[in-house]
Structure formats: C-alpha cells, structure tokens
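Hello,

Please find the structure you were going to look at below. My notes on it follow.

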Amino acid sequence: MVIKDIAFEVRSFRFEEPMKVAFATIVDMQTCIVRITTDEGITGYGEAAPFSYVTGDNLETVLSVGEDLKKDLIGLDPRAIGVIHRVMDSKYAGNGPIKAGIDIACYDIASRAAGVPLYKYLGGDDPHIHSDVTIGINDPAVMAEDALSWVNKGFEIIKVKLGEDIETDAERIRALRAAVGDQIRIRVDANQGWTVKDTIRISRIFAELGVDLIEQPVPADDIDGLAEIRSSTDILIAADESCHSIHDAARLVSARAVDMINIKLMKCGGIYNALKIAAICEGAGIPCMIGCMGESTLGNLAGMHLAAATDNIKDVDLDAVYILKQEDVYGGFDHRGGRVTLWNTPGIGCYVKGE
C-alpha cells in the first residue's frame, strides 16, 4: 500500500459561547481536514488545527508546509509511520499541526486496513474514557452557574480557565465549589498567567477548596519556576505549553518540574510522538493528560483513541466536542456526561461531511 494523494480542506467551527482564557478570547476556530488516499482504495482522515498562541503557526503555514510535504510523502507506505515522520522532520522543525494531521490520517488508514478501531490498533482493548469539560474565564457567579449546568448534564470533572489576578481567581473557585459541591473534581488552568509567588500563594487557597491540579501557571520557559511551585504545594502541577516535543518532556522530567504533562497532538506532531512522550513520562513515574486546543470531533477522536490505548495517559481533557458548534465532522463516539464510549468501527470512526 502506498500514498496516492494528499488533499487539504479548510473548515471553520464556532464555540457555543466565546471561550476566554488568560491570553485571548476565542470565538471560532479554523482547521484543516487532511485526506490521504491510497492505491488500495483506503482513505484516511486527519486534522491540522493551528493555534498561533501555542503552536506558533496558522492556516497559511499549515497549507504551504502541507503542500510541500505532499511531494515527498506520495509513494510512501502510510503504515510506515516512522518513515513518514523522518521525512517530515528532515524538512521542517516544529509545524506540529500539519504533521499531526498527516500522522492521524496515516493511523486512520493503518487501522482501517487492519479492520479494527484505532484504539485496538494502538494496543488497547477498552473503548471507555472519562473527560472533563472546560469553563472559560468570566464573573465568579457566571462561572459557577456554567459549572453547575455541566454537572447537571452528567459531567464529574470541571476544568476552570484562570490566569488573571489571583484574588478574583480565588473567588471564582470558591463560587464554583459552593455551586457544585464536594464530590465534583475541579482542576484549574492558568495558561501562563501567574507568577511563581502568586501561584504558591493561591495554591494554599485551592488546597482548602479541594482543587486537584494546577496546569501551566507560569510562562512556558520557566522550568525552574514550575519546579519551585511543585516543591511548595501538595496540589499536582501540570505542564502544557512547556511541553511540545519529546525533548521538552525529557527536560521537564529531568528537572523534576511537574507531576503531569498535558500531551496535545497539535503541539507534538501527532500520535507517533505522543506515544513517545507518554513513554518518557512513564519511565519517570509521571502520568500524562491528553488535551486539545479547539479541534473538531476528528482531532478529538484521535486523542480519545490514544487515551483508550495508552496506560500512562491517566486524565482526559478532550472537551471541544461539547463546546463547539460543528456539523461537518460527527460520530465516532457516544457519551453520558464526560464518560465516553468509542465506536467499534475500523479506524477513527467519525464521518466528514461531503466526503
């Protein structure tokens, strides 16, 4: 089997409500659907979803790099995923989203050819995962109301975007905890918005409020700051923007800077590299989370299959499927609240409208 053609198509999705985070307010997302066809008639789909605040690229770079890589990838076996990545990496450093889109499409082809769902192709046997859902920054009362609404829909883990002044951020979590009660898990994500000193200070308040985890409290390059915070609190500290690659993961592990790493396929370049990051962390006794940055159902499903198949991915933050208005990509899973069951269909399992 060899790659016959690679096509790229831009699609747009809107959030049900604007999502405010520490560095931006996000209203919609533009993404690129990657379609790879083979000489054996099997077609695979991937997604390249750039997010310039984190990945440093945009749709223009995704499309231009994709068209350039296409010339070198046609004629290769899509199941030889290591070869695919060596070719991509030999031409471009970084450019995680387009590499992820091609990678996901290749894994879709390989698992379709094998006749099994992707999570089984990756070595898993349980189609169930449990995801959180995210609340954007807003007034404390509004955030508490939003959280309670999700809890009433069956969600048991709430991820809260913070990263403004710590006094208001503390009030937000107090309001949420009062609204949802003691049985709901709460984790927070500051998206690099705090200082080391402020993080240590607010962590003491969060400990009293039963917060599970603080994600990326300080700037991405402040590894020493993450390590200092970790040594000063019993709340788990997670890296997100600090980890794009296997080299970043090794650096964080070596520095004993975090208790968890949030893997995102668009940051690291796809499933192939995500498995490597999970293995590095497993060797160090550090669990991983799998997250997203606004991808459609397609990109989120790839992460769901990876989570279902990978022992060291302990937490799931794949919630864009619940907060995006999307009709172009659908199917592939059922859910009750955040508890997901993947379909038992070959490949990733979702449908792309118009394909």
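**Helix pairs**

Helix H7 (residues 166–180) packs against helix H8 (residues 196–208) at an angle of about 20°, with their axes 10 Å apart. Because of that angle, H7 is roughly parallel to H8. H7 passes H8 in a right-handed crossing. From H7, the residues Ile 166, Glu 167, Asp 169, Ala 170, Ile 173 and Arg 174 meet Asp 198, Arg 201, Ile 202, Ile 205 and Phe 206 in H8. By class, this contact of H7 with H8 has 6 nonpolar, no polar and 5 charged residues.

The model is predicted: local features need pLDDT of at least 70 and side-chain atom pairs count only at pLDDT 80 or more, while totals for chains, interfaces and linings use all residues. Residues are numbered from 1 along each chain as its sequence is written, and side-chain values use heavy atoms, with hydrogens and water left out.

Some terms are needed here. Helices (H or I, at least four residues) and strands (E, at least two) are DSSP runs, numbered from the N terminus. Axes are lines fitted to C-alpha atoms, for helices over the stretch in contact, and angles run from 0 to 180 degrees between N-to-C directions. Angles under 35 degrees count as roughly parallel, over 145 as roughly antiparallel, 65 to 115 as roughly perpendicular and the rest as oblique. A crossing is right-handed if the near helix is turned clockwise from the far one by less than a right angle, and left-handed if anticlockwise. Contact means heavy atoms within 4.5 Å. Ala, Val, Leu, Ile, Met, Phe, Trp, Tyr, Cys and Pro count as nonpolar, Asp, Glu, Lys and Arg as charged, and the others, Gly among them, as polar.

The axes of H3 and H4 come within 11 Å and cross at roughly 165°, so H3 is roughly antiparallel to H4. Their contact is made by Ile 81, Ile 84, His 85, Met 88 and Asp 89 of H3 and by Lys 99, Ile 102, Asp 103, Cys 106 and Tyr 107 of H4. These divide into 6 nonpolar, 1 polar and 3 charged residues.

Helix H10 (residues 246–254) and helix H12 (residues 271–283) have axes that come within 9 Å and cross at roughly 10°, so H10 is roughly parallel to H12. In H10, Ile 246, Ala 249, Ala 250 and Val 253 meet Asn 273, Lys 276, Ile 277 and Ile 280 in H12.

**Cavity and pocket**

The structure holds 1 cavity of 30 Å³ or more. On a 1 Å grid over the protein atoms alone, a cavity is a set of points where a 1.4 Å probe fits but cannot get out, and a pocket is an open set with protein on both sides within 12 Å along at least five of seven lines; lining residues have an atom within 4 Å of a point. Grid points are joined across faces, edges and corners, and a volume is the space filled by probe spheres set on the points.

The largest cavity has a volume of about 300 Å³. Of the 21 residues that line the largest cavity, the closest to its centre are Ile 26, Lys 161, Cys 292, Met 293 and Gly 294. The lining has 11 nonpolar, 3 polar and 7 charged residues.

The second largest pocket holds about 300 Å³ of space. H3 gives the most to its lining, with 4 residues.

Regards
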